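The model is a predicted one.

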Amino acid sequence: MTTPAFEIWDADNHLYEPTDAYTRHLPKQYRGAVQWIQVDGLTKLMIKGRLTDTIPNPTYEVVASPGAWADYFRGINPEGKTLRELANPIRCPEEFRHAEQRLRLLDSQGIQACVMFPTTGGMLEERMLDDIELTHAVVHAYNEWLLEEWTFDYAGRIFATPVITLPDVDKAVAELNWCVENGARAVLVNPRPVATITGHTTSMGQPYFDPFWHRVEQLGIPVLMHACDSGYDRYSRDWEGKGGEYTPFKPDAFRTIVYEDARSILDTCAALVAHGVFTRHPGVRVGVVENGGAWVPRLIDLFERVYKKMPGEFGAHPVEQFREHVWVNPFHEEDLSGLIDLIGVDRVLFGSDFPHPEGLAEPAKLTPEIAELPEPVIEAVMGKNLRELLTAVPGGR
């Protein structure tokens, strides 16, 4: 692997939240819903009286080494070791907790800029489906903590993503406005069905959410959709007859197959197109992060086949809508050439997933899949595309 000479903009970095990230600014009436408890000497997160083990060590005092699982996700695990056996745990460095130290780490890594995502944040909404008011309160509390500790735009190089939850569309618009007023360059919307007051879920592409998408378009801010607990683990439970919750770090064969199929992001993007978001709001731009790219050929094939059967159901060809409005960050071990051929070189983003164990330990070193591409393509994927996505003027592409 070699290190490139041009600027690298990394679409997928993570921070590790402290235990008060979601409670420091949470109004008193909600604090009993998010608690830390001791279980057999370990600190665990409990939400609405229910212990969650989705993240086994949610304090992050000890974390897996960056890149420790990279070979596993490349399919290189001849000894059949578990993720726990491969983790190589370390004490959580300050660079994973604080912006100033992280900026120095970016300098040493040769990274010009990065988008910063939470670690715990992707699993919270699923545990508050029945309490929309609490969901919005917890999300705003986190965003206040994030602004206080990281800012949304640190030195023009670390772009931390505040979270927008959608169930109450008026609150979602207000949160979006607050985030942009405080410097957000992108926002995070979890790719999952949206809870409603009826107790059922629905697509974020439904016209009910148009005020949010309209405001996104007005502001010209990209919406990023990072992998999360989408609630889709219910389907593996349907097949296996097991209860419990989503536990990605305790995989079994069938659950891993369901996860690898990437149904949640495929369905989310299908819904955005089929339910007309890009037709009604042609300035909306969506970046898909840490969901891989293997699902894209399947979705495009589905778009092609359905469009031939019912072209009148779409405001424009669904494939063209997808190519125009969606940017994709593939996993580092995937076929980039094939993805570029499908959606265009200007719609592919590099993301290292640093410092998570499934990501890259050295983000600036080109993987074999990237190194084999032509130099202008490498420059676009490794930096130019994300830079333009984050800096485009309102109304622009």
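Does Trp9 count as buried or exposed, and at what relative accessibility? Trp9 has a relative accessibility of 7%, so it counts as buried, the cut-off for that class being under 20%. Phe159, at 2%, therefore counts as buried as well.

The chain contains 15 aromatic pairs. One of them joins Trp9 and Phe159 in a stacked arrangement, with 5.9 Å from centre to centre and 25° between the planes.

## Other aromatic contacts

Trp295 and Phe322 form an edge-to-face pair, at 6.0 Å centre to centre and 90° between the planes. Here too distant parts of the chain are linked: Trp295 lies in the loop between S13 and helix H11 (296-309), Phe322 in helix H12 (residues 318-325), and 27 residues separate them. Both Trp295 and Phe322 are buried.

Tyr16, Tyr60, Phe96 and Phe354 are joined into a cluster by ring pairs. At Trp327, the ring has the charged end of Arg347 over it, 3.9 Å from the ring centre.

## The parallel sheet

Four strands make up an open sheet with parallel pairing, in the order S9-S12-S13-S14. Strand S9 (187-188) and strand S14 (326-328) are the edge strands, each pairing on one side only.

Within the sheet, strand S12 (residues 223-226) pairs with strand S13 (residues 286-289) in the parallel sense over four bridges. Val223 has Val286 of S13 as its bridge partner.

Methods. Residues are numbered from 1 along each chain as its sequence is written. This is a predicted model: local features need pLDDT of at least 70, side-chain atom pairs count only at pLDDT 80 or more; totals for chains, interfaces and linings use all residues. Side-chain values use heavy atoms; hydrogens and water are left out. Two strands pair if DSSP finds at least two bridges between them. Helices (H or I, at least four residues) and strands (E, at least two) are DSSP runs, numbered from the N terminus. Rings of Phe, Tyr and Trp (its six-membered ring) pair if their centres lie within 6.5 Å; planes under 30 degrees apart count as stacked, over 60 as edge-to-face and the rest as tilted. Buried means under 20% relative accessible area, exposed over 50%, partly exposed in between (1.4 Å probe, protein chains only). A charge sits over a ring if NZ of Lys or CZ of Arg is within 6 Å of the ring centre and within 35 degrees of the ring normal.
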